[in-house]
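Visitor: I am new to this structure and would like to learn how to read it. Please take me through it one feature at a time.

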Amino acid sequence: MEKSGFPIDKIPEQESIIKITVSRENYSDNSYNASFENEKEIQQILPFLHIDVDTYGNYLFFTRENLTITITYKDTDGTIVTSPNIYVFAKGLLPDFIKENLPEYK
């Protein structure tokens, strides 16, 4: 991924983030899809995000929430980039406003 221009060792700076999208695709009634573009929501999400791979390509060793997370941001030259799915929440560590919309937390 780094060879294609996407840094895998850091989360984009909050000021450059346009939106964070959190989704879970299920073939049942438990699907979830939400985009967070509000600066306050983005600020609340960032401390909970982890990068799923380190710079050596090793996966982190903790249980993850079963969610797909992408970040859309402006890079240093102003190009809008959407990240690959490398971000995760550790199991049980979700911001409350996301938990409120997931059936297993209701």
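**Reading the fold step by step**

Guide: Start with the order of elements: from the N terminus on, the protein chain runs β-β-α-β-β-β-β-α. That makes two helices and six strands. Keep in mind that this is a predicted model.

Visitor: How many residues does the protein chain have, and what share of them counts as buried?

Guide: The protein chain has 106 residues, and 36% of them count as buried. Its accessible surface comes to about 6,800 Å², with 47% belonging to carbon and sulfur atoms.

Visitor: Which residues touch the most other members in the largest nonpolar core?

Guide: First the general idea: in soluble globular proteins, nonpolar side chains tend to be buried together. Here the largest nonpolar core has 23 residues, and those touching the most other members are Ile20, Val22, Phe36, Ile45, Leu49, Phe89 and Ile98. At least two residues of this core come from each of S1 (17-24), S2 (32-36), H1 (39-45), S3 (49-51), S4 (68-74), S6 (87-89) and H2 (96-99).

Visitor: What is Leu49 in contact with, leaving aside its neighbours within four places in sequence?

Guide: Leu49 is in contact with Ile11, Ile20, Ile69, Ile71, Tyr87, Val88 and Phe89. For the protein chain, take the contacts with a separation of 6 or more: residues 24 or more positions apart account for 62% of them.

Visitor: Why is S4 described as largely enclosed by the rest of the structure?

Guide: Five of the seven residues of S4 are buried, so the strand is largely enclosed by the rest of the structure.

Visitor: Which strands are joined to S4 by bridges?

Guide: S1 and S4 run antiparallel and are joined by six bridges. Within this pairing, Thr21 stands opposite Thr70 in S4. S4 is also joined to S5 (residues 80-82) by three bridges, again antiparallel, and Tyr73 stands opposite Val81 in S5. The hairpin of S4 and S5 has five residues between the strands, and Gly78 takes a positive phi near 90° there.

Visitor: How should I read a pair of aromatic rings?

Guide: Such a pair is described by the distance of the centres and the angle of the planes. The count here comes to one aromatic pair. Phe36 and Phe97 form it, at 5.3 Å centre to centre with 75° between the planes, which is edge-to-face. The pair links distant parts of the chain, with Phe36 in S2 and Phe97 in H2, 61 residues apart.

Visitor: Are Phe36 and Phe97 buried or exposed?

Guide: Both Phe36 and Phe97 are buried.

Conventions. Residues numbered from 1 in each chain as written. Predicted model: local features only at pLDDT ≥ 70, side-chain atom pairs only at ≥ 80, totals over all residues. Heavy atoms only, no water. Core = buried A, V, L, I, M, F, W, Y, C linked by side-chain atoms within 4.5 Å. Buried < 20%, exposed > 50% of the residue type's maximum accessible area, 1.4 Å probe, protein only. Helix = DSSP H or I, 4+ residues; strand = E, 2+ residues; numbered from the N terminus. Contact = heavy atoms within 4.5 Å. Areas by Shrake-Rupley, 256 points an atom, 1.4 Å probe, with all protein chains shown as cover. Pairing = 2+ DSSP bridges. Phe/Tyr/Trp six-rings, centres within 6.5 Å; stacked < 30°, edge-to-face > 60°.
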